[in-house]
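Here is a short tour of one protein chain. Take a look at the model, then read on.

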Amino acid sequence: MRLTLATDPSSPSRPNEDFVGVTSGAVILLDGAGTPGGMESGCSHGVAWYTRMLGSTLLAEATQSAAPLTELLTMSIKTVASLHDFTCDLSHPGTPSATVAMLRRTDDSLEWLVLADSVIVIDTGTAEPTVLSDDRIEQVGAPHRAGLDALPNGSPEHAEALRRYIEIMRGHRNREGGFWVASADPLA
């Protein structure tokens with residue numbers, strides 16, 4: 001298996017909200033869903049803390065347990081929620097969250113899990129690569145992105161449109177008919 005990893009913060013003034021962990025049998029990638037400045041999250045720890053805690057918990061579970069990946073994600077979300085449920089408002093719609101991509105190889109199988117808009121590409125070299133994705137965020141967000149996408153990045157108008165877009169998307173997060181991300185709700 002050949003892996004190439006790279007991750008940078010979305011802005012030099014913000015901490016990196018991504019997590020990548022690799023062992024000989026598992027790869028875990030989390031892309032934290034940051035909250036723009038001026039928006040409340042209900043959490044004193046922040047998205048970077050959340051992705052590090054969830055990612056390291058998932059990596060440990062994926063290498064120590066043979067349970068299905070969905071079960072490992074459920075248990076890991078519960079574990080991380082318990083670390084800050086008495087200090088943070090985990091019912092807040094801006095509670096830290098992340099996309100998840102997990103890949104685990106055992107002696108005779110390959111398992112994967114994709115939650116939200118991360119992608120896994122499997123290239124065995126014998127056929128066309130297989131792309132594994134969860135496009136529910138894109139489907140839910142598409143009708144609300146036109147105004148945001150039309151504005152220049154970095155402009156005050158873009159920043160305001162981004163805040164409005166995030167508020168709209170929060171209303172669809174972790175709900176039937178919406179999209180699912182790893183956050184405080186283990187049902188994701």
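## A starting point

Begin with Leu5. It sits in the segment that comes before strand 1, which covers 18–22.

## Confidence in the model

This is a predicted model. The mean pLDDT of the protein chain is 90. Of its residues, 96% reach 70 or more.

Which elements mark the two ends of the confidence range? Helix 2 (residues 69–84) has the highest mean pLDDT, at 96. Helix 4 (residues 156–170) has the lowest among the elements, at 91.

## Elements and their order

The protein chain holds six strands and four helices. Read from the N terminus, the order is β-β-α-α-β-β-β-β-α-α.

## Overall shape

The C-alpha atoms fill a box of roughly 50 × 45 × 35 Å along the principal axes. How does the radius of gyration fit a compact globule, and why? A compact globule of 188 residues would have a value near 16 Å, and the protein chain has 17 Å, so the two agree.

Of the 188 residues, 40% count as buried. The accessible surface comes to about 10500 Å². Carbon and sulfur atoms account for 53% of that surface.

Conventions
Residues are numbered from 1 along each chain as its sequence is written. This is a predicted model: local features need pLDDT of at least 70, side-chain atom pairs count only at pLDDT 80 or more; totals for chains, interfaces and linings use all residues. Side-chain values use heavy atoms; hydrogens and water are left out. pLDDT is the predictor's confidence in each residue, from 0 to 100. The radius of gyration is taken over C-alpha atoms; the globule rule is 2.2 Å times the number of residues to the power 0.38. Buried means under 20% relative accessible area, exposed over 50%, partly exposed in between (1.4 Å probe, protein chains only). Accessible areas come from the Shrake-Rupley method with a 1.4 Å probe; for residues, only the protein chains shown count as cover.
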